[in-house]
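User: I have a structure open and would like to learn how to read it feature by feature. Can we go through it together?

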Amino acid sequence: MPLLTESKHFIRPDGPDKVTGSGRYVADISLTGMLTAKFLYAGVSHARITRLDISAARQVPGVFAVLTQEDVPERRFGSVADRTLFAKDVVRFEGEVIAAVAAVDAEAAQQGLDAVVFEYEPLPAVTDLEAAIADGAQLVHEGWADYEAADVERDGNIASFTSMIRGDVEAGMAEADHVVSSRYVSDASQPAPIEPRGVLAQWEGDRVTIWSSTQVPFQARDGVCETLDLPTNRVRVIVPHMGGGFGGKCGFHYEAHVAALARAARRPVRLVFSRQEEFIAPDRRREGMIIEITTGLRNDGTLTARRARVLLDNGAYSSDASFFPHMAAMQTLGPYKIDNIHVEASSIYTNRQPSGSVRAPTAPQACWALESHTDELAAAIGMDPVAFRQQNCVDTGETGVAGQVYDEIGLQDCIREAVSAIDYSQELDENEAIGVAVGWWPSFPGPSGAFVKIDSDGKGVITTGAQECGTGSVMTLPILAAVELGMEPEDFELVYQDTSAAPYDEGATGSQTILNNGRATVEAAQQIAVQLKSLAAEKLEASPDDIVLADGKAHVAGSPELAVSIADLAGVAAEGEMLLGKGSGTPPEYPSAVGVDCIGDRGLSGWVGPQFSCHAVKIRLDRETGVVRVLDVSAAHDSGVIINPIGASGQVEGGVLMGIGQALTERTVYSEDGAQENPAFLDYKLQTIADAPPIRVHFVEIFTPGVGPHGSKPIAEAPNVATAAAISNAITKLVGRPVAQLPMTAERVWGLMQGRGGG
Amino acid sequence: MTEPVMLTVNGIDYRVNVDMGRNLLSVLRNELGLTGTKEGCDDSECGACMVLLDGQPVNSCSYLALQAQGRSVTTVEGLTPADGLHPLQRSLLEQGGVQCGFCTPGIIMSARALLDRNPSPSEEEIRIGLSGNLCRCTGYAKILAAVAQTASDG
């Protein structure tokens, strides 16, 4: 059961701002004297800068500031410290910032950019993953060994690497009756939030306030401090409403550029990206991948061994991508029982837009490859793919690929529910098919903090470091506080997205808000509950242990008539020891993996609170054109106990539709030299309401101890794992072979039907 | 070159001096302070800038302010009653059809135009009526439910 069944019609607290248009996003905020910022981008994928002269640009009327790397401290940043704010000596992708201008309006800013003299000598662009790791390959970062990166092995163009080895893969293959090998290639795709990002900075004395559409305000603040040499207490990052992120607004991006411009111009400065910039410049695209998997299995369906090699397109810089090889390796193994594994995954530098966290990074592509491969395995022994998964997927108490034994998990229930909801055994037209795939995704424990107070009239305020990116996770915190205090969610106001007001939080990343900030909010509310019980005990002449907080009152257990309202108690408290709670709590520890050798740059030993899912899709194929239409989807998820049902089902519906886009249409097309050819919604097609199928959402609600509050697990990324895989399996049923290229565009499906391409 | 332009927006007459090439969206947001209408692509692809022009939905990013002269413009601010919410706004909140909210004003304007000309749309008609509005968050299911609820509530 959900934590609050009555929360079915829970109205999110930020909802009225959003439906009336009164809520402000960064682009909606103007300050007196504000200037407009614009960037000069490299426009070339790989080149050595031979001349960069901004002296004429600084003379353009209306231009107040022009900056390049010469004007900011010499600092490298990112997870392996491989980039600078502005290009220095070499440009490594087309969207790299060369110079920034602040001017009275967009026209003057553009004239300033036009007056920058930027000359370069082109270098060969590295765009092919296999060629990039061949001997003698052109290096993307020639001086990489000298960068001050922590705990990363440096090897040619390999930006980061993981291997996972367990058991004896040779012996396992030798035991197999069948050995099936597959090769899958995924194109890059984009997070594409509908709000293009904005940053506004204003200095007052030696302090700067930055309004940014970031998913991670504390990381943004820390990035500004690191690159501009400032202490944290002089940089305040405020996020007004944020128009979606999907990972694209994770990380530290342009806050320092704009803060530096505002300092130089002595005026507030605002940057708002165009849609084209939103496609090309941020270091957050979903990486392209090559995935090779070989699996041994017996005639009875037992998996005996798996070997896999994964190449990820890191792009030019490693924003937060250094843990991706580990994630891709785990996705290539999947939630299956296999004792003998050997997976190697490498993220490879290229002269393309940097890759970074996009909703469930690496998962949709790698799961698509693994689950397409899994249907090939089932086909090899003539077994139904659902039965094959029921036999091989992990269940409660069983051991997964990394040697981790799983507590209460609901993967088998997810398979049963998804298959039943879509009516798997229904009669299908010859152009229709149902495909099924399973997915998994970890939870990410981390530090987080919140303050809760109850004022004299019994109304509360939650001040949280958590960031709302639209999912409703921050909007769910009042439910958690209300449950602890016997109050209503509507009794609480939220103060959030302000680094100077609230304690640290990792932000809207890794689906971690309710897991970590929920824990913090619950702890803060519990402190107030102790205070309220003590005040009530005195008033009602009972022991604090016998006081129950419910329905806005404190009453003696078993005697609801012996009660005092929380508002009255708050009035008493306001005269003396006030009702203030603070929480952070202890994050869950990562479980250790057993018997697995995990070598590499960044990885997790085991997965905390893995979330499981099974998606089943019914499609129709137009055999004349190769166009695939998704007719029906059922998505069953084990994300533990669901706290906010309307919010959680919204995550699944949105995640599935994003998955359909990734499966069929979403693809960044590159020219041979690494430039994007379709940086616009006209040519990069998102799904519309006319494309959207019905999506049946089912939650397998299992109380999961040791993860989130009330037995919950996260939910936002998990729905974006298995959909493309399920669609692939449905297409294979109609055309005989996997398309083996993602997205599975009409051209590719049609080509496969004509005997071209495919796996 | 700037021209004086008379605009009627949400029932209020404004006289603004604008460059002849300025789009309606930019004038609404920057000259009139009506920031409820959003810019998502400046290319008529996303629908975040949807407003009503004499009751018809248009992408205000691709419409010159000059062309709106003498016509009645309605934005999300104009649709919102003085007290409470418009039924579409209330349904969207009750059904959970709002996440990041950036596409929401545009969706509300398209839905309003649809319901004005067809008070009892079928599901297919709602899909067609809103097909010019991209939403990346919701998967559209709850938006569809909200528009259907508004229609059935009359």
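User: In β19(A), which residue is the bridge partner of G460(A)?

Analyst: This is a predicted model, so treat every value as computed from it. To read a pairing, pick a residue on one strand and look for its partner on the other. For G460(A), the bridge partner in β19(A) is F492(A). The strands involved are β18(A) and β19 (residues 492-496), which pair in the parallel sense over five bridges.

User: In which sense do β17(A) and β18(A) pair, and over how many bridges?

Analyst: Antiparallel, over five bridges; β17 spans residues 450-454 of chain A. One bridge links K453(A) to V461(A) in β18(A). Look next at the turn. Five residues lie between the strands of this hairpin, and G458(A) takes a positive phi near 85 degrees there.

User: Why is β18(A) described as largely enclosed?

Analyst: Start with the general idea for strands. In a regular strand the side chains alternate between the two faces of the sheet. Now the case here. Strand β18 covers residues 460-464 of chain A, and four of its five residues are buried, so the rest of the structure largely encloses it.

User: What unit do β18(A), α13(A) and β19(A) make?

Analyst: A right-handed β-α-β unit, with helix α13 at residues 477-485 of chain A.

User: Let me step back to the whole chain. How many helices and strands does chain A have?

Analyst: Chain A has 18 helices and 28 strands. For overall form, compare the radius of gyration with the globule rule. A compact globule of 759 residues would come near 27 Å, and chain A has 27 Å, so the two agree. The C-alpha trace spans about 80 × 75 × 50 Å along its principal axes. Of the 759 residues, 62% count as buried. Contacts also tell you about the fold. Among those in chain A with a separation of 6 or more, 79% join residues 24 or more positions apart.

User: Which residues have the most contacts inside the largest nonpolar core?

Analyst: V101(A), L261(A) and I727(A), in a core of 276 residues. Helix α14 (residues 513-540) of chain A gives the most to this core, with 11 residues.

User: Is K685(A) buried, exposed or partly exposed?

Analyst: Count C-beta neighbours. A residue with 20 or more within 10 Å is buried, and one with 12 or fewer is exposed. K685(A) has 18, so it counts as partly exposed. K685(A) sits in the loop between α16 (645-664) and β27 (695-699) of chain A. Beyond four places in sequence, K685(A) touches T665(A) and E666(A). L664(A) is 21 residues from K685(A) in sequence and 9.3 Å away in space, C-alpha to C-alpha.

User: Turning to chain B, which residues of helix α1(B) are buried?

Analyst: An α-helix has 3.6 residues a turn, so residues three or four places apart point the same way. In α1 (residues 24-31) of chain B, the buried residues are L24(B), L25(B), V27(B), L28(B) and R29(B). Their cover includes β1 (2-9) and β2 (12-19) of chain B. Just after α1(B), G33(B) has a positive phi of about 70 degrees.

User: How many residues of chain B are in contact with chain A?

Analyst: 42 residues of chain B contact 47 residues of chain A. The helices of chain B that each supply at least two residues to its side include α3 (87-95), α4 (104-117) and α6 (141-153). By class, that side of chain B has 21 nonpolar, 12 polar and nine charged residues.

Definitions and conventions: Residues are numbered from 1 along each chain as its sequence is written. Chains are lettered from A and ligands numbered from 1 in the order in which they are written. Two residues are in contact if their C-beta atoms, placed from the backbone, lie within 7 Å. Ala, Val, Leu, Ile, Met, Phe, Trp, Tyr, Cys and Pro count as nonpolar, Asp, Glu, Lys and Arg as charged, and the others, Gly among them, as polar. Two strands pair if DSSP finds at least two bridges between them. A crossover is right-handed if, with the strands pointing away from the viewer, the path from the first strand over the helix to the second runs clockwise. A nonpolar core is a set of buried Ala, Val, Leu, Ile, Met, Phe, Trp, Tyr and Cys residues joined through C-beta atoms within 7 Å. The radius of gyration is taken over C-alpha atoms; the globule rule is 2.2 Å times the number of residues to the power 0.38.
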